[in-house]
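Colleague: Hi! I'm new to this one, could you walk me through it?
Modeller: Happy to, let me put it up first.

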Amino acid sequence: MMIDVYDPWLRPDRYCPTQTEINRLNEKIDSWEFNVFELDELSSGRPLSLAFCAIMRKNDLYSVLNLNEIDVVRFIVNVENGYHTQNPYHNRIHAADVVQTVHHFFTHNYLRDLVTTMDVLCAYVSAAVHDYQHPGIGNPFLVATKDDLALEYNDRAVLENMHVSSAFRLMNDVKIHVSYGIIGVTSLVALENDMKKLGKQ
């Protein structure tokens, strides 16, 4: 069910947002009232990569953490490619919405003052990959039908494990070596997204 969406020939410079796009986003992206569907139209169907890159620039994370912007863009565009557009909910619009919502919370000093810059980056990456390569069906169905993914992850947090594992493979493919801390934090955030653990299944 997993699809290899990594494109080694991808030209990330084509996906870097222009300063005009950044300026338009900067006026609204901090707001709880941010309209992710307008972002989807503005970005011609690339809302996740545009939101992620704009937020990274707005927070000056490239320079503060000494990150190569092209490498990060390559990573996030490939993540976006892994969100299936036919999914009515678990798609790239939803992923962009979660990234922007996390960013909104970090605009409040009472939260931002409690975390490091690396924590902020980990939260953005976690938000971006939390449903990466989601097949559009839930864990109970995968387990009940003895899907290969359920067998691979022993019926435990099947999709959550798959999202994280696939994201780490992608990081390795695109040579993203930001921090081992991202691995731990992203794993915990994505696995806590398992609805069964939250008592909602």
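Predicted model: local features only at pLDDT ≥ 70, side-chain atom pairs only at ≥ 80, totals over all residues.

Colleague: Which residue forms a salt bridge with Arg74?
Modeller: That is Asp71, and the closest N and O atoms of the two are 3.0 Å apart. A salt bridge here is a side-chain nitrogen of Lys or Arg within 4 Å of a carboxyl oxygen of Asp or Glu.
Colleague: Where do Arg74 and Asp71 sit?
Modeller: Both are in helix α5, three residues apart, so about one helical turn separates them. Helices are DSSP runs (H or I, at least four residues), numbered from the N terminus.
Colleague: Good to know. How many salt bridges does the structure hold?
Modeller: Five. One of them joins the side chains of Glu80 and Arg46, at 3.1 Å from N to O. That pair links distant parts of the chain, with Glu80 in helix α5 (residues 69–81) and Arg46 in the loop between α2 and α3, 34 residues apart.
Colleague: And is Glu80 buried or exposed?
Modeller: Glu80 is buried, with a relative accessible area of 0%. Arg46 is buried too, at 17%.
Colleague: What does Asp30 form a salt bridge with?
Modeller: With Lys58, where the closest N and O atoms are 3.0 Å apart. Asp30 lies in the loop between α1 and α2 and Lys58 in helix α3 (residues 47–58), so the pair ties together parts that are 28 residues apart in sequence. Asp30 is partly exposed at 27%, and Lys58 is partly exposed at 33%.
Colleague: New topic: how many aromatic pairs are there?
Modeller: Two, counting rings of Phe, Tyr and Trp (its six-membered ring) whose centres lie within 6.5 Å; planes under 30 degrees apart count as stacked, over 60 as edge-to-face and the rest as tilted. Trp32 and Phe105 have ring centres 5.8 Å apart and planes at 45 degrees, so that pair is tilted.
Colleague: Is Trp32 buried or exposed?
Modeller: Trp32 is exposed, with a relative accessible area of 53%, whereas Phe105 counts as partly exposed at 36%.
Modeller: Phe106 and Tyr124 form an edge-to-face aromatic pair, 5.9 Å centre to centre with 85 degrees between the planes. Phe106 lies in helix α6 and Tyr124 in helix α8 (residues 117–129), so the pair ties together parts 18 residues apart in sequence. Phe106 is buried at 12%, and Tyr124 is buried at 1%.
Colleague: What about His104, which residues is it in contact with?
Modeller: Leaving aside neighbours within four places in sequence, His104 is in contact (heavy atoms within 4.5 Å) with Asp30, Ser31 and Trp32. His104 lies in helix α6 and counts as buried at 11% relative accessibility.
Colleague: Last one: which residues touch the most other members of the largest nonpolar core?
Modeller: Leu39, Leu48, Phe52, Met56, Ile76, Val79 and Tyr124, out of 42 residues in that core. A nonpolar core is a set of buried Ala, Val, Leu, Ile, Met, Phe, Trp, Tyr and Cys residues joined through side-chain atoms within 4.5 Å. α1, α2, α3, α4, α5, α6, α8 and α11 (158–173) each supply at least two residues of this core. A second, separate core of seven residues includes Leu142, Leu149, Tyr153 and Val158.
Colleague: Thanks, that helps a lot!

Key:
Residues numbered from 1 in each chain as written. Heavy atoms only, no water. Buried < 20%, exposed > 50% of the residue type's maximum accessible area, 1.4 Å probe, protein only.
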